Amino acid sequence: MLETLNLASKGKYVPKIREHPGVKAIQEALGRATEMGRPVCYSPGTQSLYSTKYAGDTAAALTILGYTAQEAVKTGADLIVGISQPTVLPVAEEVVRQAYKLESREDEYVEGETVRFYSPNQWGFATSYVGMMHREKAAANFLFGGHAAEAMVIAENGATVGAMQIAGSTNVYQLPFFLVSCEYTLIGEDEYAAAAYLSTDPSQKGIVFGQDLAKLITIGLIVLGSVLATFGNSAISSLLSM
Amino acid sequence: MSNVSKQISSIVLVVVSLVILVDFFWANPTLKSLATDLNNWAVVIGAFALGLGAYSLLTRHSKRILQKKESWIFSVLLLATMFLFIATGLITGSVTSDEYNFIYALMVQPLSSALYGMNAFFIASASYRAFKAKNVESGLLLVAAIFLMLKNAPIGEAIHPILPQIGSIFWDFAGATGMRAILIGIGIGTLAIGLRIIIGQEKTPLGGAE
């Protein structure tokens, strides 16, 4: 991974990442919201930036938020970001403010309204976010980052208000809920890859290529380990359990 | 955030990440103590951030009340509840006191349980939409779902003993292998994003510095 990152950052090999339909759909959803004159809602999840398990998800969700905010400003769609974790609040505010600034539209960023803090409590956040979607008649809803049991409540209410929904999660227990409720779902590490895809930094693409190579090596080890184990050799499993 | 601040933040991020990572692999008492201190700092900073969140709620809802915006009465209710909890905690001196637990058990817990329970109805409505056999994929999803429901519901066994067994095949082979493949991908993806943060390539935690 470090080697592919190094090659990409030096410009020796910058891999081309296939565009995910879900990422492409962000544009479509923003365009739809602009045409309808209704806002788009964004949740970067209910997990903090120092959560052991979901910090990566929150970081990826904030990268996607930066892109979404910038595109929303370009298309003229109103953006509302719902925040659950206090540690995410200042970062999300900075990400969105930066996106407005890049498009020279800082005046459209409304302090306390564009990025709204709701509640660190899972259900407190869910009710606030759902209420906001209903009141504001959201045209699109983006759910990224770490979500838990509130995922179903938010996504189904999003479908009820007729919002076009795009979600991404690495929580395998919530993925089925997003899959049935949302138009597009970024499954597992697709969310991380999307963040790298949207980044303008070539080294981000390099590390995604390294990630794919690591996956190929893992598949190779699984196949080899299965064959060896069939013949009574546990070398691979012993190596991996060291 | 200015460039100097961003650079300082990047250095802090890289150093802290490396200390925590190295401590995980290398049992060194000095490093262990440093990593514990850093983790404690994270908790303290998190507590300060909670104050920031409370301030954000207070200013936003105060404005709504003063300007008598739509549904401003709910803002009054929100702030009153927030101050009730704060006052109870401060007066009793503990968030584990009987008084604090009493209002928590009467307000937060029943509401949370009710919302959690509502998931059952949302699952039903989502399933109804998802199980419409519009194409081959949704048709397959429908067939798999029927067998899984027959595996879990007692009626499946009552109709024919083979039905739960077919459901088990879907669950044990297709479901478990698919889930493991996703988990392996997530594991490698997490490693990659962690690496990006440690070497300072991932700028988002610093406020979108790209």
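Biologist: What covers the buried residues of α6(A)?

Modeller: The cover includes α5, β4 (140-143), β5 (164-169) and α7 of chain A, together with α4 (98-130) of chain B. This is a predicted model, in which local features need pLDDT of at least 70 and side-chain atom pairs count only at pLDDT 80 or more, while totals for chains, interfaces and linings use all residues. Residues are numbered from 1 along each chain as its sequence is written, and chains are lettered from A and ligands numbered from 1 in the order in which they are written.

Biologist: How should I read "buried" and the element names, and how many residues of α6(A) are buried?

Modeller: A residue is buried if 20 or more other C-beta atoms lie within 10 Å of its own, exposed if 12 or fewer, and partly exposed in between, with C-beta atoms placed from the backbone. Helices (H or I, at least four residues) and strands (E, at least two) are DSSP runs numbered from the N terminus. In α6(A), 10 of the 11 residues are buried, among them A:Glu150, A:Met152, A:Ile154 and A:Gly158. After α6(A) comes A:Gly162, with a positive phi near 80°.

Biologist: How do I read the meeting of the two chains, and how many residues of chain A are in contact with chain B?

Modeller: Two residues are in contact if their C-beta atoms, placed from the backbone, lie within 7 Å. By that rule, 48 residues of chain A are in contact with 46 residues of chain B. On the side of chain A that touches chain B, α9(A) gives the most, with 8 residues. That side divides into 24 nonpolar, 18 polar and 6 charged residues, where Ala, Val, Leu, Ile, Met, Phe, Trp, Tyr, Cys and Pro count as nonpolar, Asp, Glu, Lys and Arg as charged, and the others, Gly among them, as polar.

Biologist: At what angle do α9(A) and α7 of chain B pack?

Modeller: In general, two packed helices are described by the angle between their axes and the distance between the axes. Axes are lines fitted to C-alpha atoms, for helices over the stretch in contact, and angles run from 0 to 180 degrees between N-to-C directions. Here α9(A) and helix α7 (residues 162-198) of chain B pack at about 145°, with axes 10 Å apart. The contact includes A:Gly210 and A:Ala214 of α9(A), and B:Gly185 and B:Gly189 of α7(B). Its residues divide into 6 nonpolar, 5 polar and 2 charged.

Biologist: What is the radius of gyration of chain A, and why does it agree with a compact globule?

Modeller: The radius is taken over C-alpha atoms, and the globule rule is 2.2 Å times the number of residues to the power 0.38. Chain A has 20 Å, which agrees because a compact globule of 242 residues would have a radius near 18 Å. Chain A holds 10 helices and 6 strands, and buried residues make up 55% of its 242 residues.

Biologist: And what is the radius of gyration of chain B?

Modeller: Chain B has 26 Å, but a compact globule of 210 residues would be near 17 Å. Chain B contains 7 helices and 0 strands, and 13% of its 210 residues are buried. Its C-alpha atoms fill a box of roughly 65 × 50 × 40 Å, taken along the principal axes. Chain B is divided into domain 1 (1-93) and domain 2 (131-199), with bounds from an automatic or database domain assignment. The centres of these two domains, taken over C-alpha atoms, are separated by 38 Å.
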